[in-house]
Amino acid sequence: MNAQPMIQMIDVRKRFGAQEVLRGINLSIFEGKTTVIVGESGQGKSLIIKHILGLMKPTSGKILVNGKDINTISRKGLKEIRANFGVLFQHAALFDSMTVFENVALPLRERTKASAEEIRNKVAEMLTLMDLEGSGEKYPAQISGGMRKRVGLARALVLNPKIVFFDEPTTGLDIAKSNEIYRVFFRTQTKLGYTSVIVSHDVPKIFKLADYVALLYNGIIQDCISPEDFQTSENPVIREFVEKTMGHIYESERMEG
Amino acid sequence: MTRILNTVGELTLYYVNQAGRMGIFLAFVIYHIIKLPYYKIAHVIKQIYIIGTLSVFVIVFTGAFTGMVLALQGFNTLSKFGSEGLIGSVVALSLIRELGPVLAALMVTGRAGSAICAEIGIMRNSEQIDALECMAIDPHKYIMAPKFIAALVSVPLLTAVFNVVGIFGGYIVGVKLMGANEGAFFTSMYRDVEFADISMGFIKSVCFGLLIVWICAAKGYYVHMERSGGFGAEGVSRVTTSAVVLSSVSILVLDYIITSLLI
């Protein structure tokens, strides 16, 4: 953890009216690593990602991406920072009036000078990587939820971003489908080597992918440590979370047996 | 008492905020219109088709009936003074200076303005606009600029269609049905319609085109900040209604202002 962090959140607070949701977030995200933010629903995990993306402004505190504060930077500067981002939204946020092909091609068309043929080849390559061959001409409404997430992932990765954000990548999918997403994630990260930030409550499976796990509880990041340390942490909040999410279903050892 | 003051203050802040938001929105779009790369022409043409071409039918229909009713009313009034010959000039001037730009703009608001607002509102609600921003694609450039150019091109053209069809409708009713003199119909029109009338109608239609697309697009874009609340489908439906109402009222107010300045 000695390297300079790629993203740093320093005492970030967010207030909605009388309710303070983020109460001083301190979090560092390191290059090439996978950081997973876990926590119960409604704690504001997605909010953290929205703040890093610059889609929301904190009430106070700083967010540094490569050392630049994204809330004071110019529009042009923000655009340059975002050019390194890839985002998989919770509900994929595909452009519903465009086909799957057009969705994945959009970043290439708008942000690069690639020719029509280069775009076609690159999109075809991404769709193959996501096991989506033959779905290019379909519209988002015509494909399943799991496929939509994979299209979202293809669109997020098509420009080889340096940092990829995943907002609940497997929520609403069955076990087989979420395993599929994890496999795709693992395959693409090995191939493309991006830094990733994942918001998830799919504990403990998500630990397999994580380099660091951060627990958001009560508006504060409790700790950001390796999954092994997380599971044996002495921090009472983390211990309670681990017990709640990974512990027994039954009330006593006897019933469990 | 404090509650009243609170509410007044809150409302004032909200509306000042909204005005500022919309002003900044317009400034960004104009910047991107000026800088819009040539390869975006396909997007612009698609929007001209949606806003302009698809509105032609409703414009022709309303234009014809407006001209017809103008001729009918005008003929009855003018015949009291024995001036039926002026019917051509009455129909043409009313349409070119006033009714053409206003009614065409109101029709475009109802048909295309509401669609623009709803489309952008849904894009905002389903995070599609956030997704664009995160891809470092500016929504002002990608979504708004083509729509603005399309509206600025389409509305004056639709107004022209409205006027021509309206005058033709007036001719059918005035001359063919009511029996006004055909020669007098056209002579009075040629004599009384001046370039200033046409340019006034043109200026109005360009301003209305900008007003419609500005209000409808900005309302949809900021659907999540609306004070009237309501999320999802309900939020979009409310904001679309309010965009159509606001556009229509603004068109009539702006019409008065432009007329008073140019007359």
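In the predicted model, 43% of the 263 residues of chain B count as buried. Chain B contains nine helices and zero strands, and from the N terminus on its elements follow the order α-α-α-α-α-α-α-α-α. Taken along the principal axes, the box filled by the C-alpha atoms of chain B is roughly 65 × 55 × 30 Å. Of the contacts in chain B that link residues at least 6 apart in sequence, 87% are between residues at least 24 apart.

Chain A meets chain B through 14 residues, which are in contact with eleven residues of chain B. On the side of chain A that touches chain B, two or more residues each come from α2 (75-82), β6 and α3 (100-111) of chain A. The most is given by α3(A), with three residues. By residue class, this side of chain A consists of nine nonpolar, one polar and four charged residues.

Strand β6 of chain A, one of the elements named above, spans residues 85-88. From this strand, A:Phe85 and A:Val87 point one way, whereas A:Gly86 and A:Leu88 point the other way. The residues on both sides of the strand are all buried. β6(A) pairs with strand β7 of chain A, which covers residues 163-167. The pairing is in the parallel sense and extends over four bridges. Within β7(A), A:Phe165 is the bridge partner of A:Val87.

Note on methods:
Residues numbered from 1 in each chain as written. Chains lettered and ligands numbered in written order. Predicted model: local features only at pLDDT ≥ 70, side-chain atom pairs only at ≥ 80, totals over all residues. Buried ≥ 20, exposed ≤ 12 C-beta atoms within 10 Å, placed from the backbone. Pairing = 2+ DSSP bridges. Contact = placed C-beta atoms within 7 Å. Nonpolar A, V, L, I, M, F, W, Y, C, P; charged D, E, K, R; others polar.
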